[in-house]
Amino acid sequence: MRVSYREAMRLALREALQNDARVFLMGEDVGRYGGSYAVSKGLLEEFGPERIRDTPLSELGFVGAGVGAALGGMLPIVEVMTVNFSLLALDQIVNSASLLRHMSGGQCSVPLVLRMATGAGRQLAAQHSHSLENWYAHIPGIRVLAPATVADARGMLAPALADPDPVVIFEHAQLYNLEDELADNWRCDIAHAAVRRSGTQASVFAYGGCLPKALQAADELVAAGIDVEVVDLRVLRPLDIDTIAASVRRTHRAVVVDEGWRSGSLAAEVIARIVEACFYELDAPPARVCSEEVPIPYAKHLEEAALPQPAKIVAAVKELLNV
Amino acid sequence: MTRERKPAAGVQAPLPCKSKPADAKPSPVAAPAKRMRKDRVAVAAVAPATPPLELRLLADMLRIRRMEEKCAELYGAGKIRGFLHLYIGEEACATGAMHALAAEDNVVATYREHGHALLRGVGMNAIMAEMFGKAAGCSRGRGGSMHLFDVPRRFYGGNAIVGGGLPLAVGLALADRLQGMRRVTACVFGEGAMAEGAFHESINLAALWQLPVLFCCENNLYAMGTALARSESQTDLCAKAASYRVATFRADGMDVRAVFDTVSRAAKQVREGGGPAFVELQTYRFRAHSMFDPDLYRDKAEIEQWKQRGPIHSFSAQLKTDGRLTEEAFLALDAEAEAEVAAAIAFAEQAPWEPVADLLKDVHTPAGAAEGGAR
Ligand SMILES: Cc1ncc(C[n+]2csc(CCOP(=O)(O)OP(=O)(O)O)c2C)c(N)n1
Ligand SMILES: [Mg+2]
């Protein structure tokens, strides 16, 4: 079956709503409007307004209400339109959802799933183009996921709901229209990174919206006779260092692609882990392809220049290989 | 420091009686909402016959007062550390309000929550051990004075972000609604929280969705050093809340009976499906904001004036005038409270520290352990 990332996500939502009466979806414009990225289109008609719950513009309030509902025995899926607006809800994510279990001495769990779109690439300018996955990946107590394939869009929600602790799912806005064949084996875990393409000469690590760019770069490199491996991080917290290090041990070179800004980036963390785990396996210093240190500009050519692109990934790999 | 009398030395106190845990199953909406008085949690002494409400209110105010006076001493002695926010002067609020709730109700509170926790049935031993940072504490020493939790008793903290508990209360009430539970979720907060966006977002959501949330504002006139009039354009807090089309109530927060009656009425309305309600309790803290606060921002005369209206002595004086309390009975209640405090301190003193090897516990739910609280 050929489906889009958006449809895969919707299939996952529908399945979750059908399978468990505790599940409900809440967020701005998830119901009548059909979801700002049309992910929840049709679900209101199917499940009604109690379970497909439109909220006012109150990110802090409804994210916190999701935390409370999770405490109260429900399995809320809270959609925050985009990561940009999640900044208004950070207090409830960082000070409530992720801390309540610990502060209470293990008395409660917060089985909340938070979904949000992320990323740049559509000329939406600086306030609508953030990629702040690393902020969330910094916080103990939450799990952070970045589905980058149609299969992961279909498969990650169920294990996220089964996780008794808060899970944040980042859906890169550029991926919603991605289409792919959805094989029968879409079920997946939310613990491991995945090797999307095997190779021998360098490992390219990417997640979310940068995965297609990394795969495109790999195609170009292979065409140029360079055999690269592409690893999809998938789970940004906790990082699957075993899969990451195993790849580096095979290829001895690492390039990390990250749409976040370089300073304090998730890429920095991945490289630190690589250096800690397998420094002596490296044949060259690890490299990064991140966003330039500038707010994401509106103009198309400038936006493109600010973001990781396949050409930059190709160049970074070639530099590591001295070719 | 406080006006209440010390008991005569050597007064024999009966053993403190543990309050009833709030494990009663909430009634589903379909069932007739028969609520039994004996469901109430905050019961100080029971056998053989439950004392009249007035004496229980008085006894519980004394328990909070005596516990917190010792906390202040223990802070000075270095046994309790971190931030400690005392409730001294405000006891009528928690006492009247917690007595007005049913055992099955949810409570979400602030960092000034020792009294609320105690009257929801969290044992004084567990509270004191928590303040000491011991593993026997009600939050296993991970929370401290600002994060007292007791999920089986549906006491959801202990939140030290001003306004942070309000959205949680909305969510707890939403969960109850979706699961057909007829239960009230009370959230307690200071008047300072009413300037936070969290207050406005939460009361709007609760009113929009007609959720059973009782917004309980303890207006002690100051948010740290900021007087109400210096932070709010509208100082009539009920008028502020009423703009969200919720029922509003106001009570003298120094009068425990008035608090009890008012919160009872508000809770009844919420429980019966009347949507959220807002209660303002007008009170005053006699001590500084926290142990770090030199208290330079208010008049000593103002403090003294409010102390004249101290909730314990004014209520006990009234009961004596009415012939419902003798000096001996008062001293006995006070001695009972002091004995409970002494036992709690002894318990906390001897309780073991959690081994450092357990440091990373309780960040995530261990596999297969997710029961209670959530699932
Ligand atoms: C969001 C936030 N801002 C600031 C603080 C610091 N702070 C702690 S208590 C407090 C005053 C709160 O006053 P109020 O809500 O009236 O409660 P009270 O302390 O009087 O009981 C402040 C500013 C905080 N804990 N959280
Ligand atoms: Mg105040």
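1. Between domain 1 of chain A and domain 2 of chain A, an area of about 2100 Å² is buried, and carbon and sulfur atoms give 57% of that area. On the domain 1 side, the residues that lose the most area to domain 2 of chain A are Q123(A), N134(A) and A146(A), which together account for 24% of what that side buries. The model is a predicted one, and this applies to every point in this note.

2. The two domains of chain A span residues 2-181 for domain 1 and 194-320 for domain 2. Their centres, taken over C-alpha atoms, are separated by 26 Å. To the contact between them, domain 1 of chain A contributes 30 residues and domain 2 of chain A contributes 26 residues.

3. The polar side of this domain interface may be considered next. The rule finds 2 salt bridges across the interface of domain 1 of chain A and domain 2 of chain A. D152(A) and R196(A) form a salt bridge in which the closest N and O atoms are 3.0 Å apart. Across the interface of these two domains of chain A there are also 15 residue pairs in polar contact, with both residues at pLDDT 80 or more.

4. Which elements supply the side of domain 1 of chain A that touches domain 2 of chain A? Both α7 (133-137) and β6 (143-145) of chain A supply at least two residues each to that side. The largest share, 4 residues, comes from α7(A). By class, the residues of this side of domain 1 of chain A comprise 16 nonpolar, 10 polar and 4 charged.

5. Turning to the interface between the chains, the contact involves 47 residues from chain A and 41 residues from chain B. The area buried between chain B and chain A is about 3600 Å², with 60% given by carbon and sulfur atoms.

6. Across the interface of chain B and chain A, 2 salt bridges are found by the rule. R177(B) and E50(A) meet through their side chains in a salt bridge, at 3.6 Å from N to O. The count of residue pairs in polar contact between chain B and chain A is 15, both residues being at pLDDT 80 or more.

7. On the side of chain B that touches chain A, at least two residues are supplied by each of β2 (155-159), α5 (165-178) and α6 (197-208) of chain B. The element that gives the most to this side is α5(B), with 9 residues. The side of chain B that touches chain A has 21 nonpolar, 12 polar and 8 charged residues.

8. Most residues other than glycine have a negative phi, and most peptide bonds are trans. The peptide bond from R237(A) to P238(A) is cis, with omega near -5 degrees. P238(A) is placed in the loop between β12 (235-237) and α11 (241-251) of chain A.

9. R245(B), a residue other than glycine, has a positive phi near 60 degrees. R245(B) lies in the loop between α7 (237-242) and β7 (247-252) of chain B. Is R245(B) buried or exposed? R245(B) is exposed, because its relative accessible area is 77%, over the 50% cut-off.

10. D295(B) likewise is not a glycine and has a positive phi of about 60 degrees. The loop between β8 (277-282) and α9 (300-308) of chain B holds D295(B). With a relative accessible area of 10%, under the 20% cut-off, D295(B) is therefore classed as buried.

How values were computed
Residues numbered from 1 in each chain as written. Chains lettered and ligands numbered in written order. Predicted model: local features only at pLDDT ≥ 70, side-chain atom pairs only at ≥ 80, totals over all residues. Heavy atoms only, no water. Contact = heavy atoms within 4.5 Å. Buried area = accessible area lost by both parts, 1.4 Å probe. Salt bridge = Lys/Arg side-chain N within 4 Å of Asp/Glu carboxyl O. Polar contact = N/O pair within 3.5 Å; in protein donor to acceptor, adjacent residues only side chain to side chain. Nonpolar A, V, L, I, M, F, W, Y, C, P; charged D, E, K, R; others polar. Domains from an automatic or database assignment. Buried < 20%, exposed > 50% of the residue type's maximum accessible area, 1.4 Å probe, protein only.
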